[in-house]
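Thanks for asking me to look this one over. Here are my notes, in the order I would go through them with you at the screen.

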Amino acid sequence: MRRVNKDERTRISFTLNGRAVSGEAESRMLLTDFLRHVIGATGTHVGCEHGVCGCCTVLIDGVAARSCLTLAVQAEGRAVTTVEGLAAPDGALNALQQAFQRHHALQCGFCTPGILMSFTDYLARNPHPTEDEIRDVLSGHLCRCTGYAGIVAAVRAVSAGNSKQPS
Amino acid sequence: MNVRSQSSGDFLSQALGIPLVRKEDPALLSGRGRYADDLPVASGTLHAHVIRSPHAHAKILKIDAAAALALPGVAAVITGEDVRQLTDPFLIALKAPVHQWSLAVEQVRYVGEAVALVVAESRYVAEDAAELVQVDYDPMEAVTDPLAACDKSAPLLHPACKTNEISVRKFAYGDTAAAFAAADRVIALTVDYPRLSFTPMECYVVVAEYRPHDGSYDVLANFQGPFSTHPVMAKALRVPGTRLRLRIPPDSGGSFGIKLSVSPYVVLAAIAAKITGRPVKWVEDRAEHLAAASSGPNRITRIEAAATLDGRILGLRLDQLEDYGAFLRAPMPGPLYRMQGSVTGAYDIPNVEVTNRIVLTNKMPASLIRGFGGPQLYLAIERLVQRIAVELGLDHLDVIRRNLIPAEKFPYRTAAGALYDSGDYARAVATAIGDGRLDDLKRRRDTARAAGKLYGIGFAAVVEPGMSNMGYLSTLLTADARERAGPKNGAVSMATVNIDPLGGVSVSADVTVQGQGHQTVLSQIVADRLGLDPADIKVTLELDTAKDAWSIAAGTYSCRFSPGTAVAAHIAATRIRGRLAGIAANQLNVLPDDIEFADGQVRSRSNPDNALPFGRVAGTAHWSPVMLPDGMAPGLSETGVWSPPELEPPTSDDRINTSLTYGFIFDMCGVEVDPVTFSVRVDRYVSMHDAGTLLNPLIADGQVHGAFAQGIAAALYEEFVYDENGNFLSGSFADYLVPTVSEIPPLEILHQETPSPLTPLGAKGMAEGNCMSTPACIANAVADALGVKDVSLPLTPLRLHALMAGKP
């Protein structure tokens, strides 16, 4: 196991959205702060810093995780996916992102990256969720603008699309 | 809803009034938003952390920062003494010795009050250093209950005021005494609206820089307005407004009124930058936000109606005691006065007496919040109307309909002076209950009750004001005091349309971004005027007080966009259109009246083949100003300014048209209360809206859904709780319950469009309505289900259990 000292800055390297990234940080630095302020990937947002709101959700080795409850050093050597990794390289939105726009599933957009990441993980494991299952996943996130109606509609639309073209 | 996509080059036959998807979304969905904490800062920027009071009321005896200052990386520890030397207390709307600085001076008055600011190389170091700052307090007795605070024996928040009840104003409209003398029955009720916030997901962010060569401050903050607070901040910093450059980031993570209250931190970060000589950045965390950012005011209303036996309301009396917490920050007491003109709600009641009281307690200061006085007022009125029905043995809906302002009376002047611009309330109610909706609710109720369940039906009818009269707050003062201070009135909106040499159209405006889709709607308004595709209109709303056109009314609050800024953009684009039509008429050899704008062309209406590309016509104004038609001003930039004359100052007898537009909402719902757990399940909810002409129905429905969720939150879940000693008990999202998707019931939205005759677009403010109607509607339904009179929000299982304990 890698050992890090509390007072030393340490080099942390992982892949972010398929690309190798690296930076130095104290061992106590949160993954949110590392992503946002060391790497400069500001798409991941910080809403509560106590794991409730879900704004900061990222994928670590494909699994949704709260990056505000994760130390940057815990990402060492792993594959991190954030909202910046969802669209095509030319900026074209993926099906989930498009559905969010079409169903007005965001207003201020601050909670949106975390919600997109949770459903990116979930829909990969369960492409055809029921509405109850969608609500169950979404209940791990707080949104103050939308009342959630558009988000549920957007994910339902995407999963309906999935059922036409099973992957 | 059949939404329309935004794609360049695909000209829409109609740009305005359609459910166009938002141009804001692709960036926000891709992690490319530019929120305040995302923006780059200057090299050498320091990071701040606020040390806060653990006491509700205490003298500050000593602050020892020596150990903190010895920590490597710490630049400064700033205290109330620094703040007192370098700044003045914030101006307030009332002449009362309530002095608030950006840090506590000599004493603290609520848990979470800012006591000192640690400034260091990183936020981590600043938080380390904060642990080393020793603050000695001498605790004092605290008071959190607003009624107790009015008692003569209560500890005083601001002893120089000699009372905690710092303002009492009585208003009389019509002959209320005669109405009560003529009444068959007097029906009274006391309601208590709780403290809560709508906690935007993004907390406060400030980055401040001091420019010593001209003594100015350059501050970036996710402030939302109203910009009437800008002079308050500048005065506190002892600079003219031009030396406080305030810049708003391109994106903001929600506000709902709450981000007005970043303003004390603008001043605090500004002086921290001056003291340290380096830029200072502060990012609030959630714990700070919950404890100390801002709250809606709690209000106790005693209301009574003079009623006839058939439920007609002849007169009303309201005694409103509003609790603003420890200070009265400008522009408070807005919530207590914003609804003054519409204090009789949706009802035709000619006589009303109002007493408005302001009390201070040892709680976080209250301020702007979505709904802004409406939720408190309508909980009182709508609960009272339900009680009138119960006590007179009448049908609740019949009592509502009997008192609604009839359609033929519009425009309608209320007893308290509001000019309701348009409406057909009876038709809205008829539509809402039609198509079997009310029958279905009754069927659900009867089935549930037959099975022994607790089921109730609730209604609420509310008037939703849009765009505040800047003079409404002066109703707080006596007519004499207003006379001395000079009349205040009106509301100025501004938007600028600029066209570049290639015909590119850009728009800026006096609103701050919070997520309402203003960029999309402004692009629709301007595209509609210029025959362009909304996708091709660039809208930039990162307001900069040094460069943009703004007035004290600027900002995004009180639903001022649709009746205000949208109109200003329409005016600016119309003027540009007139200018371009003149140029094109010259070049196409037709009369300006024959010019139309469509499909990216400027062309002859009678001969559409006689056309020029839009960009070509625009280019002429840039490249050939000498060739412009006679008398035409050069340049293709127009600032539309809109200032509706109906927003008059308060009259000498205190009548006030508090807002420009007045929409209407009628809600009805069925709820079931579990007899064992006392949890409330909303079974069906219908919300009928008349907000005049809808500029973008997709966005309008989004606003309704969002306000509804916040209304549900206020009705059933959210409350800032303090114990009797002033300890704050709602300090995390595990204690303060923001509803998740599991708590938000389905919502059925209906619309009716009665255009406002007072604005060129016919659109009214519409984004706050369900914050006002939904708590009242649910409270009425729960009262109906349980057969009780007193229902306090939020209707938590604990509260309902206590209410029902001992009842069979």
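The numbered points below go from the contact between the chains to single residues.

1. A word before we start: this is a predicted model. Please read each point below as a description of that model.

2. Let's begin where the chains meet. In chain A, 46 residues are in contact with 52 residues of chain B. Together the two chains bury about 4,000 Å², and carbon and sulfur atoms account for 58% of it.

3. At its start, the backbone nitrogen of A:L96 has a side-chain oxygen of A:N94 within 3.0 Å. Just after the helix comes A:H104, with a positive phi of about 50°. As background, most residues other than glycine have a negative phi.

4. Next, a helix pair within chain B. Helix α16 (residues 518–530) and helix α17 (residues 561–588) have axes that come within 9 Å and cross at roughly 35°. The crossing is right-handed.

5. A:D61 is not a glycine, yet its phi is about 50°. You will find A:D61 in the loop between β3 (57–60) and β4 (63–66) of chain A. B:S558 is likewise not a glycine and has a positive phi of about 50°; its place is the loop between β21 (537–539) and α17 of chain B. Is each of these buried or partly exposed? A:D61 counts as partly exposed because its relative accessibility is 45%, whereas B:S558 counts as buried because its value is 7%.

6. Please also check two cis peptide bonds in chain B. One joins B:G225 and B:P226, with omega about 0°; B:P226 sits in the loop between β10 (216–221) and α7 (229–236). Another joins B:A330 and B:P331, with omega about -5°; B:P331 sits in the loop between β14 (313–323) and α10 (334–337). For context, most peptide bonds are trans.

7. Finally, a serine in a loop. B:S730 lies between α19 (697–717) and β28 (748–752) of chain B. Is B:S730 buried or exposed? B:S730 is buried, because its relative accessible area is 1% and the cut-off for buried is under 20%. Leaving out residues up to four places away in sequence, B:S730 touches B:L290, B:E719, B:F720, B:V721, B:D735 and B:Y736. With B:E719 there is also a polar approach: a polar atom of the B:S730 side chain is 3.3 Å from the backbone oxygen of B:E719.

Terms used. Residues are numbered from 1 along each chain as its sequence is written. Chains are lettered from A and ligands numbered from 1 in the order in which they are written. This is a predicted model: local features need pLDDT of at least 70, side-chain atom pairs count only at pLDDT 80 or more; totals for chains, interfaces and linings use all residues. Side-chain values use heavy atoms; hydrogens and water are left out. Axes are lines fitted to C-alpha atoms, for helices over the stretch in contact, and angles run from 0 to 180 degrees between N-to-C directions. Helices (H or I, at least four residues) and strands (E, at least two) are DSSP runs, numbered from the N terminus. A crossing is left-handed if the near helix is turned anticlockwise from the far one by less than a right angle, and right-handed if clockwise. A polar contact is a pair of N or O atoms within 3.5 Å; within protein, one must be able to donate a hydrogen and the other to accept it, and residues adjacent in sequence count only if both atoms are side-chain atoms. Contact means heavy atoms within 4.5 Å. Buried area is the accessible area (1.4 Å probe) that two parts lose on being put together, summed over both. Buried means under 20% relative accessible area, exposed over 50%, partly exposed in between (1.4 Å probe, protein chains only).
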